[in-house]
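Work through the exercises below with the sequence and the coordinates open side by side. Try each task before reading its solution.

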Amino acid sequence: MRVVDRDNVGAAQEAHGFVGRHTELGVLLASAVEAGAGAVVRRVVTGEHRVGRTALLERFSALSRARAHTVISVNCRLDVLSLYESVAHQIALPQPVASAQLAAEQAGTAHARVPSPSTAPHAPTLLSGPHGYAPARYGGAPADPSHPRDAASFGADLRGHFPTHPSGAGTAAQRGPAPTCERARALAAAVARIAGPAPLVFAVDDLDLADERTATLLDSLVRPLRGTPVVFVAALQDGRATPPLPAVSNLLLDSQPLRLEGLSVSDATLLARRQVQRALKPEASAALHRVCAGNPGLLTDFLSLFAAQAREFTREEVERAILPDTMENILRRLARDLPAAADVFVAAAVAGDTAEPRLLAHLCDLDLAATMRAADHLVRMRYLRDDGTLLPRHPVLRNSALAAMTYMARDSAHLKAAEFLHRTHAPVEDIARHLAASSTSPDGAWPTALLMEAGRAAAAAGRRSAALGYVGHAARTASGSDRDRTLVALADLRMADSLQEGAEECLSALRSATDETSRAWLLAGLGGALYLHAPERSGMPTVDLIEQTVASDTVRAWARLHRLVVNENAHSPRHLAARAHQLSSATPRGAHPLGTGIGAGRASDFLRPAVDAFGLLNRYLTGAADPDSAAAEADQLLGMEKRICAHPFAPIAALMVLVWNDRFETAAGHVERLESCTPALGNYLQRTLLLSIRARIALADGDIGRACEQFEHSLERLARVGTARHNPFRIGVLGAYAGALLEAGDQRGAHRLLYEDESGEAALPVGWQYGPMLLARSGLSLVEGDFSEALRHLAEARMRARAAGILASPPVPWRLHGIPLLHQLGRGSEAREWAEQQIEMPTGGGTQRERGIALRVLGAVLGGGEGEGALREAVELLDAPGSRLQLAHATADLGLAVADQGRWEEAGGILGSALSLADACGAAPLATKVRRRLTALGGTTSGPLMLRAVAELTPREKQALVGALRGLSNTTLASELHVTKRTVEIHLSAAYRKLGIRGRKDFGQVFRIPGLWPLLLEGDRTQP
């Protein structure tokens, strides 16, 4: 009986097939060639715990047997008696006929011919005869240890020569030295007898656990074989000391090391696929390899958590996962080997990037020497890095060690680490990281900068209560300008919980703040909270109350600015633009309407960019500012990040001007800078508002999925703080989000947003700002086939825009939404009139993208050659950054127009490009429309027929076909896709059959068809 080390991963891997290790197996198999000249080749396989040493030995043994080599596999966890029986059992079983026959002939025994195992249930073995083991009571028949009777006889006779402990239950170490006995010599002689021209392979696992008897017996088997071909492979675990025994030294003499590292990313991915029985996302596979450092044992444990789940697991889930049972076993092993090692490992997990011997000693209450001994042991066992950082090598084990601690123990350890680092003058960010991880604020006076950094780190990690504790502590102990900064940060943290709580904190801080700049930031927070809050919510401070409570020029100037913002629904954009111009202009006496005096002058400078941003927005809406000059002015105002943030909606106003004028790259750059333009820790409110800008940029660029995620996140954050349901900003985000969902084909999601949510009531407040919501409702009704409702919503959006004097097209593009609707209703002349008006509008056709969109809708209405010309110009204009979604629509319309004129080959190529664009954007309805048209063209000519065939290929078939087109062999392609060669052949055969070709030699005639290559490449983006 052979015992396998259950701590190793061999058994688990065997269940899913051996993975990787091609280089290591090649080295071991090459040893047989080296041993062919009659040498003893010794290899020592080393590696960390559960890296797969046992699995490698088992695989090597199996491959060696397949090559007709005689293999003896032993595990040194066995005591000497079990080891003897294991070896006797293996050499007593029928050996491969070729090697056994040669050995028998060389020995000159009566068994010159060795029967095949298939014809002899108890074949004669080399243990029979004068040197074999054949008790007289069995009539001299050759012994077969696989038979219960003979196995019992082996054990009974052997125990006579290897006395056990008097009690009969002693351990191997208690049984006294193993005497040289006749049976041990007989076993050695039997082993020598089966050695022949084919190499004899010893696969010895856990040699570092061998006691003196086991090592002596092994040495007695190998030593007499000098001069015969022998491959001796032993496995040792990192961190375990090799026994200081002469026999072990003899066995490892002149051995060559072979180190096992973790699996590669591709091999780890293959192991994961086999265990969970499905493909993983590339980012999840990479994270899985990273957190387990490629260790196959940890990978197997980790994957067992997810194997039963039918859904995909994300990178975030992988990085947060823990292995409690695995961690418990590891800590138990460490405590058994070296009691301090378990404590030091947990301390290293707590310390993280700040780990160093003195800190670990402090956390473990050990002296430095004991800590360094334990750390060295952990490094040798490959649990800690050996690069001076003392970080755990496997992130999943660090997470698991932290999770194994109680909440209070973890809090206490982080606080203890922070106090030690503070005393030793460590960098502020290192101390703050530990403070942020603890929910208990430290006692005594700590530097304000340190507490603020801790609050920032805690807020970033989502631990808001801890962040409030640190910033509150800083506010209580700081003084002067430092205290003002802490008050701003504290108010921002409160704002993330509730607009009302944030406003109250801002007002309280405003009463005690002494710095004018800090007051301006607090007023900015108040402005955002008052703009977004629900009017029915009681307790919210009013502008009048704020002016009465804090009498200063800055507050009075801010009040005028805020009233300008909140009156956008009560007055037309033309009136608001004039009011903003009045506030931003100096009076004849040199005073400023925003305030008077020296302090007021500073306040005016601070607030003027925000006033100008609102003025610019309203001038653009009324057509008083052309697109280019408006975009240039918005860019200039946003360059004054700190001052334009005096009201949180001022930068939004300037950014919308950039987005409406297609300056997406410029807008994205300003968004990055604006997210950190205030002294607030999380800048929660500003980031929430900016999310909608990010989403609009992503939507224009054709990333519908990301746009929907960002719109949804923005709405969630707005709801969390208690934003009014009919707030114009929130309704604008809802309308844009619903439009994105319609582009993605999610009608149910769009309907939920537009009607079923509490903000989706039929009646909307007065104001042009609700126009996008009405246009989204019109688009949904059009998709659902309710043309009367679509017209009604479109008419209301048009009426609101005209009543407000809106001349710019992008804010409420009612014409662009109405033209397709009128065309479908058969009102072609009216649709054409609207399209021509759209092109002639200064703002509608002023930018390249807006002109391209206008030409697209015009071309679709005109039809024929005239419409095709407009569509070709539209495609040319839209083939630019930030217009990919509109380019997909224009290309599809062009392909349909060309097909309607009977040019099917050309149409197939254009539609293939449109399909590739639509799929890349995630525009499912558009992609479906193009696919249907390609299918309809299928019987017309060979080109579209081939396009239809490519469209019907599965993602795997497309991947295999693309690889074949790249010239990759089936073997290389299998390795790249992490599948077998046979699977690649099956995919390619299916693809060839669908395309109607015989193989690679037909590629040239097929892929000359226009549009086929981009259509095929859409499948190559699908990861295995």
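The exercises concern a predicted model and go from the whole chain to its sheet and then to a pocket.

**Exercise 1. Describe the chain as a whole: which secondary structure elements does it have, and what share of its residues is buried?**

Step 1. Counting the elements gives 52 helices and five strands.

Step 2. Taking buried to mean under 20% relative accessible area, one finds that 55% of the 1024 residues in the chain are buried.

Step 3. Turning to contacts between residues at least 6 apart in sequence, 69% of them join residues at least 24 apart.

**Exercise 2. Examine strand 2: are its residues buried or exposed, and to which strand is it joined?**

Step 1. Six bridges join strand 2 to strand 3 (residues 200-205), and the two run parallel; within this pairing, V71 has V201 as its bridge partner.

Step 2. Sorting the side chains by direction, T70, I72 and V74 point one way from strand 2, whereas V71, S73 and N75 point the other way, and all are buried.

Step 3. Six of the six residues of strand 2 are therefore buried, which means that the strand is largely enclosed by the rest of the structure.

**Exercise 3. Characterise the second largest pocket by its volume, its lining residues and the helices that supply them.**

Step 1. The volume of the second largest pocket is about 570 Å³.

Step 2. Its lining comprises 19 residues, of which R398, L402, A437, A461 and R463 are the closest to the centre.

Step 3. By residue class, the lining divides into eight nonpolar, five polar and six charged residues.

Step 4. At least two lining residues each come from helix 15 (339-351), helix 18 (395-404), helix 19 (407-423) and helix 20 (428-437).

Notes. Residues are numbered from 1 along each chain as its sequence is written. This is a predicted model: local features need pLDDT of at least 70, side-chain atom pairs count only at pLDDT 80 or more; totals for chains, interfaces and linings use all residues. Side-chain values use heavy atoms; hydrogens and water are left out. On a 1 Å grid over the protein atoms alone, a cavity is a set of points where a 1.4 Å probe fits but cannot get out, and a pocket is an open set with protein on both sides within 12 Å along at least five of seven lines; lining residues have an atom within 4 Å of a point. Grid points are joined across faces, edges and corners, and a volume is the space filled by probe spheres set on the points. Helices (H or I, at least four residues) and strands (E, at least two) are DSSP runs, numbered from the N terminus. Ala, Val, Leu, Ile, Met, Phe, Trp, Tyr, Cys and Pro count as nonpolar, Asp, Glu, Lys and Arg as charged, and the others, Gly among them, as polar. Buried means under 20% relative accessible area, exposed over 50%, partly exposed in between (1.4 Å probe, protein chains only). Contact means heavy atoms within 4.5 Å. Two strands pair if DSSP finds at least two bridges between them.
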